[in-house]
Amino acid sequence: MIKIVNRKFILLMIIIMFLFSNISYSKSDEEFSAKQVMEKVDSRYDGDTSISDMTMILIDKNSKQRVRALKNYNKDYNADTKGIIFFLSPADVRNTSYLSWDWDMEDKEDDSWLYLPALRKVKRIASDDSSGSFMGSDFSYYDINGMEIEDWNYKFVKNSEMVDGHDTWIIEGKPKVDKKKKVMKESGYLK
């Protein structure tokens, strides 16, 4: 279940990735830099295909909740990844779909499209629009598609802490100076 409350998604995802990444480090291992931890998370094997059922809970300022059920499919094609998210309910978003192609080549922009069944239209999400809201949530398309870890500098915010027998960290990322405009345009994030 994904509970969407604010735009601290990247930090939340870093924590979640460590909890569920099957990467284990012990305190006796060598010390890792924040960047090395991020590289380990990014390069971990997460399977060639995945299917997941998700629940998105949107909470407004009056604590009113809107619940959306989603089905997510991902498939790796060597270093490239293609994924699709189907909105299953409620009725006002049913059959809305989000398709993304994450290309490994740096010179090739990732592609993504949103199908809106009520309008019977497909909308291409340009890389310039990736900081826009994903389906009325606090997520942006950038959050859904994932970040380019090489565009960021990282530092530990909090020392390692054991959670369910695994080391976890809180890591802050700030765009590299030469990538700041690109990252701001794509993500809207300063950190």
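## Overall layout

The chain contains four helices and nine strands. Read from the N terminus, the order of these elements is β-α-α-β-β-β-β-β-β-α-β-β-α. The model described here is a predicted one.

The chain has 191 residues, of which 31% count as buried. Its accessible surface amounts to about 12300 Å², and carbon and sulfur atoms contribute 51% of that area.

Strand 2 and strand 3 (residues 65-77) run antiparallel and are joined by 11 bridges. Within this pairing, Ile 59 stands opposite Gln 65 of strand 3. The two strands form a hairpin with five residues between them, and there Ser 63 adopts a positive phi near 65 degrees.

Strand 3 also pairs with strand 4, again in the antiparallel sense, over nine bridges. Here Tyr 73 has Ile 84 of strand 4 as its bridge partner. This second hairpin has two residues between its strands, and Asn 78 in the turn shows a positive phi of about 55 degrees.

## The nonpolar cores

The largest nonpolar core comprises 13 residues, and those with the most contacts inside it are Met 56, Leu 70, Ile 85, Phe 87, Tyr 98, Phe 134 and Met 135. Strand 2 (49-59) and strand 4 (80-89) each provide at least two residues of this core. The largest share, three residues, is supplied by strand 2.

Beyond its neighbours within four places in sequence, Phe 87 is in contact with Arg 68, Ala 69, Leu 70, Val 93, Arg 94, Asn 95, Thr 96, Phe 134 and Met 135. Another core, of 12 residues, lies apart from the largest one; Ala 34, Val 37, Tyr 142 and Ile 149 are among its members.

Ile 51, Tyr 73, Phe 86 and Leu 88 together make a nonpolar surface patch of about 360 Å². One of these residues, Leu 88, belongs to strand 4. Leu 88 counts as partly exposed because its relative accessible area is 41%, which falls between the limits of 20% and 50%.

## Ser 100 in strand 5

Ser 100 is located in strand 5 (residues 97-102). Is this residue, Ser 100, buried or exposed? Its relative accessible area is 17%, so Ser 100 is buried, the cut-off being under 20%.

Leaving out residues up to four places away in sequence, Ser 100 touches Thr 81, Lys 82, Gly 83, Asp 111, Ser 112 and Asn 145. Ser 100 and Asp 110 are 10 residues apart in sequence, with their C-alpha atoms 7.4 Å apart in space.

## Backbone details in the loops

Most residues other than glycine have a negative phi, and most peptide bonds are trans. The loop between strand 4 and strand 5 holds Pro 90, which is joined to Ser 89 by a cis peptide bond with omega of about 0 degrees. Asn 95 lies in the loop between strand 4 and strand 5 as well. Its phi is positive, near 75 degrees, and at 48% relative accessibility Asn 95 is partly exposed.

Asp 164 is placed in the loop between strand 8 (152-163) and strand 9 (166-175). Phi of Asp 164 is likewise positive, near 50 degrees. With 74% relative accessibility, Asp 164 counts as exposed.

Definitions and conventions: Residues are numbered from 1 along each chain as its sequence is written. This is a predicted model: local features need pLDDT of at least 70, side-chain atom pairs count only at pLDDT 80 or more; totals for chains, interfaces and linings use all residues. Side-chain values use heavy atoms; hydrogens and water are left out. A nonpolar core is a set of buried Ala, Val, Leu, Ile, Met, Phe, Trp, Tyr and Cys residues joined through side-chain atoms within 4.5 Å. Buried means under 20% relative accessible area, exposed over 50%, partly exposed in between (1.4 Å probe, protein chains only). Contact means heavy atoms within 4.5 Å. Patches are made of residues with over 30% relative accessible area and no salt bridge: like charges are joined within 9 Å, nonpolar side chains (Val, Leu, Ile, Met, Phe, Trp, Tyr) within 5 Å. Accessible areas come from the Shrake-Rupley method with a 1.4 Å probe; for residues, only the protein chains shown count as cover. A salt bridge is a side-chain nitrogen of Lys or Arg within 4 Å of a carboxyl oxygen of Asp or Glu. Two strands pair if DSSP finds at least two bridges between them.
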